[in-house]
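This note is for a colleague meeting the structure for the first time. Please read the numbered points alongside the sequence and the model.

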Amino acid sequence: MRVTVFGSGGVGGYFGALLARAGHEVTFIARGAHLEAMRARGLQIKSVHGDFHLRPVHATDRPEEAPPADLVLYAVKTYHIPETVGVLPRLLAPEGVVLTTQNGVEAPDQVAAAVGTERTLAGAVWVVSQIEAPGVIRQESAFRRVVVGELDGRLTPRAQAIAGAFAAAGAEAEATAEIRKVLWTKFLFIAAIGGVGSLVRLPVGAWREVPETRALLEQAMREIEAVARAAGVPLDPDVVPQTMAFIDRLAPTATSSMQRDVEAGRPLEIEAMSGAVVRIGARYGVPTPAHAFIYAVLKPIHAQAQRRAGVSAEASP
């Protein structure tokens, strides 16, 4: 395949590198020091699954320089979607498709509004990976999982082929006819632990057994479950206890990515997390007081980080 990676950070850079190593023609869209390092020295992957170095790589900050893509791996942060989604149609080959990788549940529909439902695949990704230094990606988790699916719930040959390409490249990958359920199940976990962890700002082992904080965490999950069911998403009946049990098995030192962004002074994906719970809940008449509180506390922190980073607050949905 011809692949364009739009957003070459921890997720896009890592999975794009896997596809390039497997023989696909990959173009990385990046910016700043990361782009300059990739152009000068290639892309280095430090991974628990084995290190490797791509050199040379085709990297650019000009999307128009990318050849027409069979697959666009869309891996920008959710707060960059409004300013980048309009570029996507110009990146695609006639039969090309965009695969979303973002946290949350709104990105697939935002992309579909730009390129069409028929040219959009929704993806859910599980990996711990980040830019360690310009031109260097560090991948730290045993898991590196990708699930892809059509927005209309069909299990199509193209979804299976793209999942197969990721699997052949070394990832755990599958196509599903229930991608909405997969996205919301992940969302229930990541929005709840990300929101509560960002308020507490301690490793999970320091707060998951505190009765009041644990109750807040469960309430946050229950609100997402209620919103999902109101939206017609068939979550498993035991999704909340199963997710709580998963959190109880996390290493005591674990923190969420949004919590780490708060502590580092970076912009937050709060609009795609608790903000989305509040918005979608209001649409269906579902009360979401826990997420309204999380959103109210974290929104000014996000706004301040955006100002420091030179990103307009109006760029968020």
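Does Leu18 count as buried or exposed?

1. The model under review is predicted. At 2% relative accessibility, Leu18 counts as buried, because residues under 20% relative accessible area are placed in that class. Leu18 belongs to helix α1, which covers residues 10–21. Leaving aside residues up to four places away in sequence, Leu18 touches Phe52, Arg144 and Ala169. By contrast, 36 Å separate the C-alpha atoms of Leu18 and His291, and in sequence these two are 273 residues apart.

2. The overall form comes next. The protein has 12 helices and 10 strands. Its radius of gyration is 19 Å, which agrees with the value near 20 Å that a compact globule of 317 residues would have. The C-alpha trace spans about 55 × 40 × 35 Å along the principal axes.

3. Burial and contacts may be read together. Of the 317 residues, 54% count as buried. The accessible surface comes to about 13400 Å², and carbon and sulfur atoms account for 54% of that surface. Among contacts between residues at least 6 apart in sequence, 68% join residues at least 24 apart.

4. How many aromatic pairs does the structure hold? There are 5 aromatic pairs. One of them joins Phe6 and Tyr74: the ring centres are 5.7 Å apart and the planes stand at 80°, so the pair is edge-to-face. Phe6 lies in strand β1 (residues 2–6) and Tyr74 in strand β6 (residues 69–74), so this pair ties together parts that are 68 residues apart in sequence. Phe6 counts as buried at 7% relative accessibility, and Tyr74 is buried as well, with a relative accessible area of 0%.

5. Phe189 and Phe246 form an aromatic pair that is edge-to-face, with 5.3 Å from centre to centre and 80° between the planes. Because Phe189 lies in helix α7 (residues 179–200) and Phe246 in helix α9 (residues 239–248), the pair ties together parts 57 residues apart in sequence. Phe189 counts as partly exposed, at 21% relative accessibility. Phe246, at 39%, also counts as partly exposed.

6. Further ring arrangements deserve a reader's attention. Tyr14, Phe15 and Phe166 are linked into a cluster by ring pairs. Arg21 lies over the face of Phe52, at 4.2 Å from the ring centre; Phe52 is also one of the residues that Leu18 touches. In another such arrangement, the charged end of Lys186 sits over the ring of Trp126, 5.5 Å from the centre of that ring.

7. Most residues other than glycine have a negative phi, and most peptide bonds are trans. Which peptide bond is cis, with omega near 0°? That bond runs from Arg55 to Pro56. Pro56 has its place in the loop between β4 (52–54) and β5 (58–60).

8. The second detail concerns phi. Arg201 has a phi near 60°, a positive value in a residue other than glycine. Arg201 lies in the loop between α7 and α8 (211–230), and at 39% relative accessibility Arg201 counts as partly exposed.

Notes:
Residues are numbered from 1 along each chain as its sequence is written. This is a predicted model: local features need pLDDT of at least 70, side-chain atom pairs count only at pLDDT 80 or more; totals for chains, interfaces and linings use all residues. Side-chain values use heavy atoms; hydrogens and water are left out. Helices (H or I, at least four residues) and strands (E, at least two) are DSSP runs, numbered from the N terminus. Buried means under 20% relative accessible area, exposed over 50%, partly exposed in between (1.4 Å probe, protein chains only). Contact means heavy atoms within 4.5 Å. Rings of Phe, Tyr and Trp (its six-membered ring) pair if their centres lie within 6.5 Å; planes under 30 degrees apart count as stacked, over 60 as edge-to-face and the rest as tilted. A charge sits over a ring if NZ of Lys or CZ of Arg is within 6 Å of the ring centre and within 35 degrees of the ring normal. The radius of gyration is taken over C-alpha atoms; the globule rule is 2.2 Å times the number of residues to the power 0.38. Accessible areas come from the Shrake-Rupley method with a 1.4 Å probe; for residues, only the protein chains shown count as cover.
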